[in-house]
Amino acid sequence: MTTVVRANDLCWCGSGRKYKRCHKDSAERVRPGQQSPTRPVPPAIARPDYAESGRPVLTSEPLVKDAATIEAMRRAGRLAAEVLAVTAAAIAPGVTTDQLDRVCHRACLDRGAYPSPLNYHGYPKSVCTSVNEVICHGIPDSRPLRDGDIVNIDVTVFIDGVHGDTNATYPVGLIDPDSARLITVTAECLELGIQAVRPGRPVSDIGRAIQARAEAEGFGVVRNFVGHGIGRVFHNGLAIPHYYDPSATTIMEPGMTFTIEPMITMGSWQASMWPDGWTAVTADGGRTAQFEHMMVVTDQGADVLTRPPV
Ligand code: MF3
Ligand code: CO
Ligand code: CO
């Protein structure tokens, strides 16, 4: 006979606390699995400057791009969105995050693109896969996705000398209603952030809009990770906070390119880091979701370069 331990039962450890307040979270937390060997990139594919050493040579660039760079970024953005769709189509209970990495890696090479995460500051894989309480930068490994998980897939491609960066969070099988609401609200937060993009306004407008929506739902906004200026450089120093930060005074200008990528938490927004130095998790173990688009500021607002293929 098997005994089902319910959330409100007393914990099996004898603490006298409810199971859900005691060992339930630690039992269900994501743990690191085994990583597969490095996936090779054929020499015919052009690499970013950090591909061999792990260290970017170029770390800053003009925030406002010329027309040719924007056109290259439009193509990179479209390819990133395609690769994200292809990778997400492989999500299913039992599929490992390493299998998602293999699909993403192949989809990048098929399009003549380098998977930007690979060896960026030493990152070992071609995509980030962040499950449940993992905020961002989860490293694909041998852990099979489970029915009821949520998983973020963050794809960045490098082609024609520029990066295209986009991510989304997906359900695995059937998920609980609170996780579904977290995903829906996080997607709305990204859209509200995009709607706040306006030339002549400070970038702090973006986080203000996002934070208002998230907190109205009782959710938190991660502060340790922010959106970023992007182009020939993956992260060029321009920071786009997703909460209201009055010190984010950079004025948006037509031709400026950046990402908005809010990470929204069910519980506290405080983060902690796995010993691998990459995997950021919520300190309280609560679930978190993220969506990301890359855009260029126009005379009217934002032109999103990473809309999903129809
Ligand atoms: N794609 C992530 C972002 O949105 C960055 C990943 S860096 C990596 O900024 F090294 F973890 F891949
Ligand atoms: Co990204
Ligand atoms: Co990004």
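Modeller: A residue counts as buried under 20% relative accessible area, as exposed over 50% and as partly exposed in between, using a 1.4 Å probe and protein chains only. This is a predicted model, in which local features need pLDDT of at least 70 and side-chain atom pairs count only at pLDDT 80 or more, while totals for chains, interfaces and linings use all residues. Residues are numbered from 1 along each chain as its sequence is written, chains are lettered from A and ligands numbered from 1 in the order in which they are written, and side-chain values use heavy atoms, with hydrogens and water left out.

Biologist: Why is Tyr120 called buried?

Modeller: The relative accessible area of Tyr120 is 10%, which is under 20%, so Tyr120 is buried. Tyr50 also counts as buried, because its relative accessibility is 2%.

Biologist: How many aromatic pairs does a search of the whole structure find, and what makes the pair of Tyr50 and Tyr120 edge-to-face?

Modeller: The search finds 3 aromatic pairs, where rings of Phe, Tyr and Trp (its six-membered ring) pair if their centres lie within 6.5 Å, and planes under 30 degrees apart count as stacked, over 60 as edge-to-face and the rest as tilted. The ring centres of Tyr50 and Tyr120 are 4.9 Å apart and their planes stand at 70 degrees, so this pair is edge-to-face. Tyr50 lies in the loop between α1 and α2, and Tyr120 in the loop between β1 and β2, helices (H or I, at least four residues) and strands (E, at least two) being DSSP runs numbered from the N terminus. The pair therefore ties together parts that are 70 residues apart in sequence.

Biologist: Why is the pair of Tyr120 and Phe234 called tilted?

Modeller: The centres of these two rings are 4.6 Å apart and the planes meet at 45 degrees, so the pair is tilted. Phe234 lies in the loop between β7 and β8, so its pair with Tyr120 ties together parts that are 114 residues apart in sequence. Tyr50, Tyr120 and Phe234 form one aromatic cluster.

Biologist: What makes the arrangement around the cobalt ion (ligand 2) irregular?

Modeller: Its protein donors (N, O and S atoms within 2.8 Å of the metal, or 3.2 Å for Na, K and Ca; sites may look incomplete, since water is not among the atoms) come from Asp154, Asp165 and Glu292 and lie 2.1 to 2.4 Å from the ion. The 6 donor atoms here subtend angles of 58 to 169 degrees, which makes the arrangement irregular. Asp165 also bridges this ion and the cobalt ion (ligand 3), which lie 3.3 Å apart.

Biologist: How do you know that β4 is mostly covered?

Modeller: In β4, 10 of its 10 residues are buried, with Asp154 on one side of the strand and Ile153 among those on the other. Two strands pair if DSSP finds at least two bridges between them, and β4 and β5 pair in the antiparallel sense over 10 bridges.

Technical notes:
Tetrahedral: all angles 85-135°; square planar, octahedral: opposite > 155°, others 65-115°.
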